[in-house]
Structure formats: structure tokens, C-alpha cells
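This report is meant for a reader who is meeting the structure for the first time. It begins with a term that the later sections rely on, and then moves from the whole of one chain to single elements.

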Amino acid sequence: MTTLASSRRGAPSPDGLPSVGRRLRLDRRYLPVVGTLVVFALLLVVGGARYDNFLSVGVIANLFINNAFLIVLAVGMTFVILTGGIDLSVGSVLALSGVTAAYLLRAGVPAGVVIPLVVLVGSLIGLLVGAMVHVFEVQPFIATLAAMFFARGLCFLIAPESIPIDDETFVALASWDTWAGGQWRLTSSVMIALAVVAVAFYLLHYTQFGRTVYAIGGGEQSARLMGLPVARTKVLVYVISGTCAGLGGLLFAMFSRSGYSLTGVGMELDAIAAVVIGGTLLTGGTGFVLGSVLGVLVLGLIQTIVTFEGTLSSWWTKIVIGALLLVFVVLQRLLALRRS
Amino acid sequence: MTSSEAGATGSPPSDGVEDARPVVEMTGISIEFPGVKALDGVDLRLLPGEVHALMGENGAGKSTLIKALTGVYGIDSGEILVDGEPHRFSGPGEAQAAGIATVYQEVNLCENLTVAENIMLGNEPRRLGAIDWPRTRRRAAEHLATMGLDIDPASSLGSHSIAVQQLVAISRAMVVDAKVLILDEPTSSLDADEVARLFSVVRRLRDQGVAILFVSHFLEQVFELSDRMTVLRNGVRVGEYRTSELTRTELVSRMIGRSMEVLEDLEVRTEHAVATTQGAPFVQAVGLGRRGAVQAFDLDVHEGEVVGLAGLLGSGRTEVARLLAGADRADTGTLRVRGALARLRNPRAAISRKIAFSSEDRKAEGVVADLTVRENIVLGLQAERGWLRRLPDRQVDEIVQRYVEALNIRPANPDALLRNLSGGNQQKVLLARWLATAPELLILDEPTRGIDVGAKAEIQRLVSDLASRGMAVLFISAELEEVVRLSHRIAVMRDRQKVAELTNTDTVGVDDVVELIASGGKR
Amino acid sequence: MPTSPTPAAAGHAHGESGGLGAVARHHLFWPVLALVALLAVNTAVRPGFLSVSILDDHLFGSPIDILRNCAPLMLVALGMSLVIATRGIDLSVGAVVAISGAVALTFIAGAPDPASPTTVFLAIGMALVLGLVLGVWNGFLVSVLGIQPIIATLILMTAGRGVAMLITEGQITTVTSAPFKTLGAGYWLGLPVATLVAFGVFGLVALLVRRTALGMLVESVGINPSASRLAGVRARTIVWTVFALSGLFSGLAGLILSSNVMAADANNAGLFIELDAILAVVIGGTSLAGGKFSLSGTFVGVLIIATLSLTVTNVGISPLVTPLFKALVVAAVTLLQSPVMRRKLAERTRRRGRTAPVVPSDKPADVSTDKVVA
């Protein structure tokens, strides 16, 4: 027999925030993220124990600097996956944004125009995808697959060759950084990435749009019957993911000081892997944007360790990521089975 | 349907709540789907501060009526007045805004979110544009308190039982200050304590003046909770009654009605009734049960015997069938097939013991719509052989032709896609699928529902033929006349229990079964 | 036998409904039309496009190029069709292609006599077995552990190229082995061996699928899993089998690809072949939602993709822009096949007088929605 108050209320928390420590048992929703955190800590410990200089400011700072664009992509992907969808186009859109930026800058268009424009290119492709998914009920997989091909083709149409970026404003922006305490310096790209994370966090947790994203992932039919704006939200998540990809392209162009049509090949997989390792369920409804950031850092850390190891070849990165993905997916599956 | 049946509302009542102006007044509602008149001029009045039960068997039009009210379906004709104002909602959102909230049988909330989030979703208090979580949780907690629910608003909804989720859904409905609360089979998966808890909440809301439309298949609950009821049958309103003025037997017979067609050529029940129940049974269930589905029951079916399962929708009759067919696993009791202990872990285990099961949900669990009639007929047989050993074409043709002829499947084209056949012919194809596997026990759950009279008669005749040739048959139908006419023995189900079993004789009639259902086996 | 044709044959000999209309309703009508249109564009640009000449006892010409180039995709799309029919998807085929090529070439390169037929047979055998094993692995994740196919195969997609690089130790392994080269670049009876192998396997499987009950049971599981379960179909075995087959065929595709260039490039071998394969399947009229599948449709779909790539170069556009045209094809095909469009088309046919006996999904009869409590 089930008791009605199956989860007794403890002492009422004055702030009402979900205090994890209040109950002995950890809220199940945080379990995957905690797993990611454990993996991250383990990697840090292993790296720190094996190599000198591993736990240095430089290594950690580089982790953010090298992966700023991936953080932005993963944030956008989190929105899509939370609704139960998927976006395969982000790698190509990133390339398109970078190539467009480099091309326009070379043509002499001022950076102040180019930067918002290329981000908008991403939003526009996201809007097209959203319309295909929502209006024509095309599966997200196919719709974003088409967008992926479309963006990649456009890249080559604009410029098959790598275009260096030497626009002064752009370069200045790319190389700008600021002191952030101790030996820490914050580069512009990291600041942008962190700002995106903050905005995403706000959107997901403090707006009705964000709550609707979670509700759709929990059950689209339920969300509709609850009277939530399902259609608008579904289109919007693809716009967000596209915008993030556009922004990611900009960050990558700042990172590489060039625009090249072949950048970002397979990067959508990295983004998806980061989101999944960050504890977001691919079935939708469960996950946190901070988890995705943690997922990106785990991926980056694996790469760093492989580099530090020296004798280990780079392909181990992929194998380890695959293995990690397997562990997480199987664990998630077991969790889901236990629940039902 | 007749004027005498609707008599309870004939004169304007003068006492109590019925003086009040109805919150909702639906008049002459008709909805037609292709080929089906789902609702035909139905009226429904909901008064403030009453629990109004909406009663009817499968296909009576209850869901359609609710969906018409909440704007899920458009109506073809009729009028919906809410607070005296005509309304036509285009969706659940609009209906909610007008104060009509619905709590569905399958809780339509998000299990991945917290209790507080589910209650407040879409109505969260804001501060500077952002959701004010402390206030959101406080307000959610207040709503839970008015429901008498002592749970942590920050806990995840999925961690609570269905009963709690049901109450959370009601809390959500009350956030928008609903004037009308529709409860669509809220108790179907609750146990007795949980039901009591739900009812106390419902009564409190009623006392606050909310009009509650209550749909349930549990007779006891309806009589316990409701003030008035509207009975539907086949898309037509049978009548509106005060619960206190209606006996259980009257209610059941109004819900079931009387079948129109009579088949003179079926005289089976008297002939075999005595002879066949001798000897060891083909299947013997002892204390078989499944938590949340059906309470432990005993049941035998002998060779050459038709055992009927009588009971209302949701009485557990389908659940019995599913346990015997391996579609669900039993968690208590034993099942013996020809005396040998059988643990049916999946349908294949049952099939290998020569038990065939035709599900009542033809569309979801029977028909493979995009395959041809031929493929659908041989599917069961082929599945048994595995994919490597394909049935030879000649044998397939022979089987298909035999059953198309024997069951008079129309069109007689084995290459037609099953989706293009009528319901009755789809049912015959499914029967053919099972007969082709040469079963020794045939379980038919509502084989005649939603099919035309001719096909119905053919299937009934087939059932008695099969039994007379030695097959054991378990026959389930919402139409009691059919059950009484075909069965040698009848097991009566009610509220997820087997409450009685009677041997069919000349003197047994539909009325006896109705009485057993209404009284719960106590005659 | 009854006289009414099967739906597949409805294109031919259905006198009463009018020849042209029946042809247009055939499921291969649009794909074949697209293929013909592509060939027409090519011929218009280069009139000699369709001509085939004989040189050194081999057939030469653009059509032969198309047939040879499409061989690996043909094999991969074959497995993909079956997987998709069961409501699945296999993202790992490209990785399997890379692994298979890597294993074969590394083995040949390390063998004392790379040109001996025994070495080559062993290499081919190893690669095929490995492909099968990888397919079985995917099938295990999907059918036993119950992980969504897209995620289950994403794992191997991510790790697979790393494994391939592990095998080749990061090098682009190249070998010289005449017997092995025959598979990808040789000719037999004037035709490319790769084409003969791929088409042979395709034909064999197409025959097998319809001569055994695999095709029917695959469709049954894809169309209605719960009805199939109640009918006693071993869905787990079926799903497992199609994933295993997909791995096996991808392994063979990897052999052909690596043999053609006599190099195993773990990074780029079979890159995006999973997307092309899914594309070919979808263009061929098999729905990603599972159920009915059409291997002949997939066949045409593969030819369209191969021709499309050649067309882009032929009309003088950089081959790098090919993805753009693929995007347009996908968009056109999926929009034409989308539920919304189909509903609109169905409304048009209904308005022409014939009332369909099926109840449209948006307004179901109460009879079917009034469920028994579970």
C-alpha cells in the first residue's frame, strides 16, 4: 500500500530553494550531474598525480579558452535535447558563421556589422529547422540533417579556401583579456561563453519558456493539455541552438583567426556527447545547462590528459569519450528502468 | 432512451442545489466522426456544488462529451453555456481560462518536474520578469495544504504514487480557480485508502461550490460520491438521475441497454452446458492475480466450453484475459495448462501452450495495418516458426483462402492492406490469425465491439462452432446478452474482482447477470 | 491467385484507374523521376554523358563511374533500410567502414606475402567478422539493454574512428596487393568488381528478405511492436539480426572503399556515409518512423545520390558544394512525405468522392479512445 505522503516534508526551508542536503537521499535529478562531477574530479586527481604542472592555472584556463565555442554549442544543444529533439546542424552552422565572418571582413565590412550578422545567420537556420520540425512534422533528426548539409554546402559556395582574418577591430576583440584575480586572466571568448551559460541558465530556470522546455521533454501531450505554448517553444529551441552555433562560429573564428569551410566537421557529435555526459537524458526533460558545461570540461580534460601523457596517441581521446558515453548511457538506462 | 427512463428529470426539482443556475449547460450536442455518430443530441447540466457522475459503457460517448466541453473536439451542433454565456473553446487552454479544468485518467503532468513546478507551471508568480521561486513554492505549498496533502513541494513528481500525482493534478486545476472540475476516471489505479483520500478532497471542493464531473467505472464509488448522474449509451443520453433515487440494478441495465438484434439460430447454451465441464480443465488458474490490475481469482476453462466473462468496463475482465495469455505477468497464484504448471512470461510462452489471445484494443494490439490481409493472417504462424523457415507460398495461399472463405472476409482479396478493411473484417482477419495457429484455448476480448451486425453474428456463430469442435473459449464482451447467449459458464467481474460464477441454464438471463454485477455477487 | 495486384505492382496493369495516374502513385515514381531528371541535366550539359565505351576490355563512361562509386553506399544503405524498418537507426556504419578497412589493410601490410590469396582471404574474413561483431554489439545495446538506437550507435560512432586509428596507429596504411585491389578497382566481365559484389549482395539480400520471413517480420515489428509481441514475434531477435546485418554490410563496404584506394584512412574512410545512407533510404520512400521498407527504393536512392555527386562536378560546380544539393533533395523529399503534406493530399483525394474507410488520426472515433483502465 502506498502512503499518500510518500516523501515527507522536512523542516520547511525558508528560502524555498531545492536544498540538496536537507534530505539524506540525493534528489534523483541531480544524480547524473553528480556523476559527471565525480568523473571531472577523478580526472583532475589522476592528472594532478601523474604530471607536474597539471593542476596549474594555465592548464585550467586553457581548458576554458580552447573549449569556449564548444561550451556555447553544448548550451544550445541542451535546449534542444531537453525537449527530446536533436540538432545535427551545429557543426556546419558554426563553420558557416566563421566563413561568413571571415569573408565579409575581408570584403571590408566593419566588424560591428559582421558580428551580429553572422550570429543572426545561425538564428535564421535554426528558425528554418524549427519550422520544418513544427509545421511539417519532419523528425528533428532529418530536419537538422538537411540543415547540416545546407550549411556545409553554403560554406563551400562562399569560400572553399581558408580565409585569414586580419580586421583590426576583430583581432583586437579576439585578443582582449582581463585580469580576473591571481594569475587568472579572462579572455573575451571565455567571457562570452560564460555569459551565454548565464543567460541559458536564467532562461531555463527563471522564465516560463524554460519551464515549458522541461515540460515538453517530460511529455509533449501533457504540456499541451496544461495549456503551455508548446508550438512556439519547440520552434524557439532550434532558433536558440542555431544562434548558439552562429555565436560558436564567431568564437571559433576568434580562436583560429580565420574562417574555413571544413571546421566543425563532426563537432555536433562532441556537443551531443558533452550534453549526454553532462547528465542530460536524450529522451528529454531531465538535465541542466551547467551539467553540459561540465561535460565539455570533462571532454577537454580527457584531451589534455592524452596530450600530457605524450606516448598516448590522440585517438585515445575518442575511445575514452566513447567508453564514457557508454557508461553514462547504460547508467541512465538502469536508472530509468529502476524508476518504472 | 424512452421517456419513462428519463422520468427522473421530468419535473423540475425544487430542493437543494438544483435551484442554482447551472455552471455548464450543454444542449443538443452532436458530434459525428466518419461513419460514426459519436454524440447525438446529448444534454448535460452541471450545477455548482455537486458531484455529477457521467456513466456509460465503452463507446457510449463519455470521452467525446468531455472533449467537446474542453474544446479538444469541435461540435457539429448544439450549444454550450458556461455561466449562461455561450462558449466554444478551441482547446484545453481556453477552457481552463474559462474555469473548466480537467484531470485525466493518465495523469497529464510532467514527472520530471517537481510537485511545485507542476502545480504552478504557466502561472508562476514573477518578480522583475523572472519566476519568483520562493513565492512559487509557497503558493504551491498553500494549495497542497488546502488539499490536505503533506508532501514536499520541491520533491520530484515522479517519486510520488499515482494517487498523490492525481491530487497534485487537482491542486493544479484549483490554481486557476476552476469552477468546473472534470475527473476522468481518477480512481482507476488507486487502492481503497487512496480513493478515500481523493474523495475527501473532492467533497471539500464540492462544498466550496465547485461543480465536479466525475467519470468512473466503479459503481460503488459513483454511488458513494455523486449527487446526480447522467447516463449515456451509444452516443445518446439515456437520462439524468438523482443518485439517491436510482438502484444499482437500474443503473446497470440503463448503461447496458438491450441489444437490438436477436440471433435465433444460436441454441448452444443448453446443449453442452452439463457435458463439457466434466473432466480435467484445459486451463486452471488458482489465486492468479496482479497488483493494481486484478485481485486473485480462480478460473477453469474446459475443452469444448465457452466461459463468458461478464462485467462492466474496467471491472478487471480484460486483465484476467491478459494474465491467461501471458500479455501481463501474474505476481500471485498459479496457472496450470492441461495439469502442467505454466509460467507465462510473455505471449509466446502462452502461444506455445496453444493459448491464443485476441486483444480488445484491435488497433493498438492486433492489427498490423500496413501489412496485407495475407501477411496478417499468417503472422502468428510465421512468428512461431521464426524468420528463417518461411511458410511455403502454397501453404500460405491455402490457409489464407480457407479462412477468407470460412470467415467470409470482405473484400476477399488477400493482398489488400488490412488498414483498408472495415472493423468487422479486421476482426475476422485477427481471428483467422489465431485460428491458423490451431489453438486449444481461444481468448476473445471484445471481439464484436464496434463491428457491424452481420459480422457480429458471424463471429458469434464461429465461437459456438469452435467450442462444439472441442476448443476451449474464454469470451469477453460488454454486451451481456452476447455473453449469456454464448457461454456455458459465466464468471462475473466487478471492481477488479471475480465476484461470482454461474452455470448457464435456460433460466439464466441477462437480468440475473446484471443483478450479480450490481450486487457484487451477493444475491 | 486473386487478380488484384499487390500495392507494389499497382503501377503496372491496373487498367481501370488509368495508366498514368497509377504510374504516378507507384512508390518509385518520384525517386525514378528524380534520377531521370538528374541524368537528363547531365546529358544536356554534356551530350556524351550516357555513352559507354569499351577500353582494354573494360566498360568506361560516366554511368560505369556511378555504378562503381555507389558500391559502398549501396551496401551500407542496404543494412540501414532494414534497421530503419524496425524503427531503428545506425549511426555507426561510417566508423565500422573505417575499422574494417583498417583491420584488413593492417593485416595485409603485416603479412609476409601481401599478394598471396590466402592473406587476402584471411584479411577479408577478419574484417567481415569484425563488422558482424560490431553490428551484434549495437544490436545488444538496442534489443537487450533497450537503449534508443540513435544513442546506442552514437557510442560506436564516436569511439569507432578512435579504434580504427588505434589499429592503423594513426598512419594512413597503404599496401600493394593485387588480389586485394581487385575487390575495389578490378573488373570482371568488363564491369567493376565492386559493383558486381555490391549489387550481388544487394540482390541476394533483397531476395533473401522476401524468400524468408525476415522482411515481413521486420515490417511487422516496425509497424506495430505491441501487436507483433502479442502475435508471438521474437522482436528482440529480429532487431538484433538487422543490426548485425548492418554491421556486416558496413564491413564489406569498408573493404571495397579501402581496396579502391589501397589505403586505410581511419579519419576519412566512410566519413558521412551514415548520413548518405539515411538519405538514400528516405529518398527511396522508406519512412524513418519504421514499418514498410522498400529495398528497390533504397537502390534508386543510392543511384540518385551517386549521380548527384557526379552531376555537380559535371555542370562545373565545385564538388565541395554537393552537400547543398543533398540538402535540397532531403528537404524536398521529406516535405513531400511529411504527415502534413500527406494529410493534405489525402484530403484532396477524399474530396474527389471516394470516402476512405479509415478514421483520420486527428479526430478518432470515441470507440477507440475509450480505453479500458490498465
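Two strands are said to pair if DSSP finds at least two bridges between them. The model described here is a predicted one.

## Chain A as a whole

Chain A contains 13 helices and four strands. Its radius of gyration is 21 Å, close to the 20 Å that the globule rule gives for 340 residues, so chain A is as compact as a globular protein of that length.

Among the contacts in chain A with a separation of 6 or more, 77% are between residues 24 or more positions apart.

## A covered helix in chain A

Helix α8 of chain A, residues 208-218, is mostly covered, since nine of its 11 residues are buried. Those buried residues are Gly210(A), Arg211(A), Thr212(A), Val213(A), Tyr214(A), Ala215(A), Ile216(A), Gly217(A) and Gly218(A). The cover over them includes α2 (57-82), α7 (188-206), α9 (220-225) and α10 (230-256) of chain A, together with α3 (115-120) of chain B.

## The four-stranded sheet of chain B

In chain B, four strands form an open sheet in the order β14-β13-β16-β17, with antiparallel pairing. At the edges stand β14 (294-301) and β17 (340-341) of chain B, each with a single partner strand, so one side of each is left without a neighbour in the sheet.

Strand β13 of chain B, residues 283-290, pairs with β14(B) in the antiparallel sense over five bridges, and Leu288(B) stands opposite Phe297(B) in β14(B). Helix α10 of chain B (residues 317-324) packs on this sheet, where it touches β13 and β14 of chain B, and its direction makes about 115 degrees with that of β13(B).

Strand β21 of chain B (residues 489-494) runs antiparallel to β22(B) and is joined to it by six bridges; the bridge partner of Arg494(B) in β22(B) is Gln497(B).

Notes
Residues are numbered from 1 along each chain as its sequence is written. Chains are lettered from A and ligands numbered from 1 in the order in which they are written. This is a predicted model: local features need pLDDT of at least 70, side-chain atom pairs count only at pLDDT 80 or more; totals for chains, interfaces and linings use all residues. Helices (H or I, at least four residues) and strands (E, at least two) are DSSP runs, numbered from the N terminus. The radius of gyration is taken over C-alpha atoms; the globule rule is 2.2 Å times the number of residues to the power 0.38. Two residues are in contact if their C-beta atoms, placed from the backbone, lie within 7 Å. A residue is buried if 20 or more other C-beta atoms lie within 10 Å of its own, exposed if 12 or fewer, and partly exposed in between; C-beta atoms are placed from the backbone. Axes are lines fitted to C-alpha atoms, for helices over the stretch in contact, and angles run from 0 to 180 degrees between N-to-C directions.
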